[in-house]
Amino acid sequence: MHVWQAIWQCIWKKYASGKGRASRGEWLAYCVFYLCFCGLWICGIFSLMYWCGDVNLIDFTLGYVPFFLLPPLVAVTVRRLHDISKTGWLSWLYLVPLINILALGLLFMPGKPYANRFGPEPVAIN
């Protein structure tokens with residue numbers, strides 16, 4: 001699987017599905033895509049506000065677009081936790097300050113090279 005295939009899969013095929021497993025590459029590819037998209041989107045909104053001069057309903061509405069890409073981020077995080085044989089409920093730890101930094105280390109651990117209770121080994125990204 002290539003990087004863009006992993007991002008496509010996160011957005012369209014498994015939009016908010018926490019079933020199955022996700023490789024480190026799939027999780028990392030979507031996280032980088034999400035951060036870059038949000039950063040560019042916010043820069044675009046600020047430049048639109050700068051050049052147009054006032055804030056109207058369209059600017060306010062455009063600010064919510066990155067939230068539509070948030071459910072796939074949560075879902076791929078849950079699937080990544082499944083890959084290391086942890087429950088998806090651990091994703092709630094990312095809302096707790098300071099603990100979220102320690103919990104982030106879980107997502108960089110290598111996955112189990114065999115099938116576990118969440119499914120078969122995920123396809124790696126080339």
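Biologist: Why are tyrosine 30 and tyrosine 34 separated by about one helical turn?

Modeller: Because they sit four residues apart in helix α2. Helices here are DSSP runs of H or I with at least four residues, strands are runs of E with at least two, and both are numbered from the N terminus. Before we go on, this is a predicted model, where local features need pLDDT of at least 70, side-chain atom pairs count only at pLDDT 80 or more, and totals for chains, interfaces and linings use all residues. Residues are numbered from 1 along each chain as its sequence is written, and side-chain values use heavy atoms, leaving out hydrogens and water.

Biologist: How many aromatic pairs does a search of the whole structure find, and what makes the pair of tyrosine 30 and tyrosine 34 stacked?

Modeller: The search gives six aromatic pairs. For tyrosine 30 and tyrosine 34, the figures are 6.5 Å centre to centre and 25° between the planes. Rings of Phe, Tyr and Trp (its six-membered ring) pair when their centres lie within 6.5 Å, and planes under 30 degrees apart are stacked, over 60 edge-to-face, and the rest tilted.

Biologist: Where do phenylalanine 37 and tryptophan 41 lie, and which residues form one aromatic cluster?

Modeller: Phenylalanine 37 and tryptophan 41 are both in helix α2, four residues and about one turn apart. The cluster consists of Tyr30, Phe33, Tyr34, Phe37 and Trp41.

Biologist: Why is phenylalanine 37 called partly exposed?

Modeller: Its relative accessible area is 23%. Buried means under 20%, exposed over 50%, and partly exposed in between, using a 1.4 Å probe and protein chains only. So phenylalanine 37 falls in the middle class, as does tryptophan 41 at 26%. Tyrosine 30 and tyrosine 34, on the other hand, are both buried.

Biologist: What makes aspartate 83 and arginine 21 meet the term salt bridge?

Modeller: Side chains of opposite charge can pair when their charged atoms come close. The term requires a side-chain nitrogen of Lys or Arg within 4 Å of a carboxyl oxygen of Asp or Glu. For aspartate 83 and arginine 21 the N to O distance is 2.7 Å. Aspartate 83 is in helix α4 and arginine 21 in the loop between α1 (3–13) and α2, so the pair ties together parts 62 residues apart in sequence.

Biologist: How many salt bridges are found in the whole structure?

Modeller: Three. Another joins glutamate 26 and arginine 79 at 3.0 Å, N to O. Glutamate 26 is in helix α2 and arginine 79 in helix α4, so this pair ties together parts 53 residues apart in sequence. Glutamate 26 is buried at 2%, as is arginine 79 at 0%. Arginine 80 and aspartate 83 also form a salt bridge, at 2.5 Å, N to O. Shared partners join Arg21, Arg80 and Asp83 into one network.

Biologist: What volume does the largest pocket have?

Modeller: About 330 Å³. Leu73, Val74, Thr77, Ser91 and Tyr94 are the closest to its centre among the 14 lining residues. On a 1 Å grid over the protein atoms alone, with a 1.4 Å probe, a pocket is an open set of points with protein on both sides within 12 Å along at least five of seven lines, and lining residues have an atom within 4 Å of a point. Grid points are joined across faces, edges and corners, and the volume is the space filled by probe spheres set on them.
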